[in-house]
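Hello,

Here is the structure for your files. My notes follow below it.

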Amino acid sequence: MNKSITQFYVYPDGYADKMPISEFVWVRATNGDITNKRVDELVKGDFYAERVPSPLPPRSADEILEFMAKWCLGIRYVRDPEFPGSEPIKIVVIDKNNLEICSYPYVNTKTCIRDAIEPIMDNEEL
C-alpha cells in the first residue's frame with residue numbers, strides 16, 4: 001500500500017520563503033482543521049504545507065483561445081537581439097494594457113502558447 005505523506009512545517013521554517021507570495025498553502029488550525037492561506041499571510045508558528053493540486057483536464061485549443069479573448073491576453077515573441085532573424089527565445093503573455101503577465105521559454109513551436117496560457121487558466125480555476 002502506497003501512502004502519501006504531507007510534510008508540515010512551522011513558519012518561518014520550511015520552504016515558504018522560497019515560494020511566490022501569492023501562492024496558497026494549507027494551514028492546520030489548532031483544532032486540526034485545514035484551511036488555505038496565502039504565503040504572505042503566514043505568521044510565526046503557523047503549521048503549513050504545500051497544497052496538493054488536483055490535476056486539471058487538458059484544454060482544447062478553442063478553450064485556450066476563448067480564455068485569451070475573455071481576458072484580452074496577447075502573445076509577444078521575443079528574439080535574441082544579437083540574432084534578429086533567429087527563432088524566438090521566449091514568448092511573453094501580455095494583457096490589454098500591453099503589460100507582461102508572464103513569460104515562457106520558446107521550446108516547442110506546437111505547444112508554446114498552450115504551455116504559457118494553461119498555468120494562468122489553472123490559477124483562475126483553483
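Which residues make up the largest nonpolar core? They are Ile64, Phe67, Met68, Leu73, Ile91, Val93, Tyr106, Cys112, Ala116, Ile117, Ile120 and Met121, twelve residues in all. Nonpolar core here stands for a set of buried Ala, Val, Leu, Ile, Met, Phe, Trp, Tyr and Cys residues joined through side-chain atoms within 4.5 Å; buried is under 20% relative accessible area, with a 1.4 Å probe and protein chains only. At least two residues of this core come from each of helix H1 (61–70), strand S6 (88–94) and helix H2 (112–125). Helices (H or I, at least four residues) and strands (E, at least two) are DSSP runs, numbered from the N terminus. H2 gives the most, five residues.

This is a predicted model: local features need pLDDT of at least 70, side-chain atom pairs count only at pLDDT 80 or more, and totals for chains, interfaces and linings use all residues. Residues are numbered from 1 along each chain as its sequence is written, and side-chain values use heavy atoms, with hydrogens and water left out.

Contacts (heavy atoms within 4.5 Å) leave out residues up to four places away in sequence for Ile120, which touches Phe67, Val93, Ile101 and Cys102. Glu118 also lies in H2 and counts as buried because its relative accessibility is 17%. Beyond its neighbours within four places, Glu118 is in contact with Pro58, Arg59 and Ile64.

The protein chain has two helices and seven strands, in the order β-β-β-β-α-β-β-β-α from the N terminus. Buried residues are 23% of the 126.

Regards

Key: Buried < 20%, exposed > 50% of the residue type's maximum accessible area, 1.4 Å probe, protein only.
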